[in-house]
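This report goes through one protein model part by part. Please look at the sequence and the structure before reading on.

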Amino acid sequence: MVNYWLAKQEPSGPRGYPFEQLKKDKKTVWDGVHNNLALKHINNMKKGDLCIFYHTGTERQAVGIMEIITNPYPNPKEENKRFVVVDVKYKKPLKRPVTLDEMKKEKKFKDWELLRISRLSVMPVPKPIWDEILKKSQN
């Protein structure tokens, strides 16, 4: 069974990585996560899961979909093996980005981690919320 996720990334700046860059690269390592809860979520990812690529910073919007193409593994750039990563590949852009403001207006989103824990960079997306984001991106 496929699980659904959201992973945040700053699209610009010195550590920025926009969704368009993933499109060019085709795949990348999703690394740099050190928050305990976000690491727990990465540890629960599985090859074949789908993930919303979310631009942080001034954009604050869901922009595309990527696929998890490996199970979690220790980050080879870190000495501490608890810092895990996954490899992801570009899947497709959303037809239209879905902004955080739009999500805040949806009652069914109110208990979701994106709205409750604003600094969390990786989180699960319940299937009804996933479906609603995809639906909103079509309008």
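## Two residues with positive phi

R60 is found in the loop between β3 and β4, the latter spanning residues 61-68. The model is a predicted one. Phi of R60 is near 45°, a positive value in a residue that is not glycine. For comparison, most residues other than glycine have a negative phi. R60 counts as partly exposed because its relative accessibility is 42%, which falls between the limits of 20% and 50%.

K26 also has a positive phi, of about 75°, and is not a glycine. K26 sits in the loop between α1 (19-25) and β2. With a relative accessibility of 59%, K26 counts as exposed.

The strands β3 and β4 run antiparallel and are joined by six bridges. Together they form a hairpin with five residues between them. In the turn, G57 has a positive phi of about 70°. Across the pair, H55 stands opposite Q61 in β4.

Strand β4 is also joined to β6, by seven bridges, and these two strands run antiparallel. Here E67 stands opposite K89 in β6. Is β4 enclosed by the rest of the structure or open? Eight of the eight residues of β4 are buried, so the strand is largely enclosed by the rest of the structure.

## Aromatic pairs

A pair of aromatic rings is described by the distance of the centres and the angle of the planes. The model has five aromatic pairs. In one of them, the ring centres of Y4 and W130 are 4.6 Å apart and the planes stand at 40°, so the pair is tilted. Y4 belongs to strand β1 (residues 4-9) and W130 to helix α5 (residues 127-138), so the pair ties together parts that are 126 residues apart in sequence. Y4 is buried at 17% relative accessibility, and W130 is buried with a relative accessible area of 3%.

The rings of W30 and F53 form another pair, with centres 5.4 Å apart and planes at 90°, so this pair is edge-to-face. It links distant parts of the chain, as W30 lies in strand β2 (residues 27-30) and F53 in strand β3 (residues 50-55), 23 residues apart. Both W30 and F53 are buried.

## Helix α2

Which residues of helix α2 (residues 36-43) are buried? They are A38, L39, H41 and I42. Seen down the axis of α2, these residues fall within an arc of 155°, so they line one face of the helix. In general, an α-helix has 3.6 residues a turn, so residues three or four places apart point the same way.

The face of α2 turned away from the buried side carries the exposed residues N36 and K40. The buried residues of α2 are covered by parts including β1, β6 (84-99), α4 (113-116) and β7 (122-124).

## Strand β7 and M123

M123 is located in strand β7. Its relative accessibility is 0%, so M123 counts as buried. The C-alpha atoms of M123 and L39 are separated by 9.4 Å, while the two residues are 84 residues apart along the chain. Leaving aside neighbours within four places in sequence, M123 is in contact with W5, L6, K8, H41, W112, E113 and L114.

In soluble globular proteins, nonpolar side chains tend to be buried together. The largest nonpolar core of this model has 42 residues, and W30, M103, W112 and I133 touch the most other members. Strand β6 supplies the largest share of this core, six residues. Not counting residues up to four places away in sequence, I133 touches I52, A62, L94, V98, M103, F109 and W112.

K136 lies in helix α5. Is K136 buried or exposed? K136 is buried, because its relative accessible area of 14% is under the 20% limit. Apart from residues up to four places away in sequence, K136 touches R96, V98, E102 and E106.

Conventions:
Residues numbered from 1 in each chain as written. Predicted model: local features only at pLDDT ≥ 70, side-chain atom pairs only at ≥ 80, totals over all residues. Heavy atoms only, no water. Phe/Tyr/Trp six-rings, centres within 6.5 Å; stacked < 30°, edge-to-face > 60°. Helix = DSSP H or I, 4+ residues; strand = E, 2+ residues; numbered from the N terminus. Buried < 20%, exposed > 50% of the residue type's maximum accessible area, 1.4 Å probe, protein only. Arc of directions from axis to C-beta. Contact = heavy atoms within 4.5 Å. Core = buried A, V, L, I, M, F, W, Y, C linked by side-chain atoms within 4.5 Å. Pairing = 2+ DSSP bridges.
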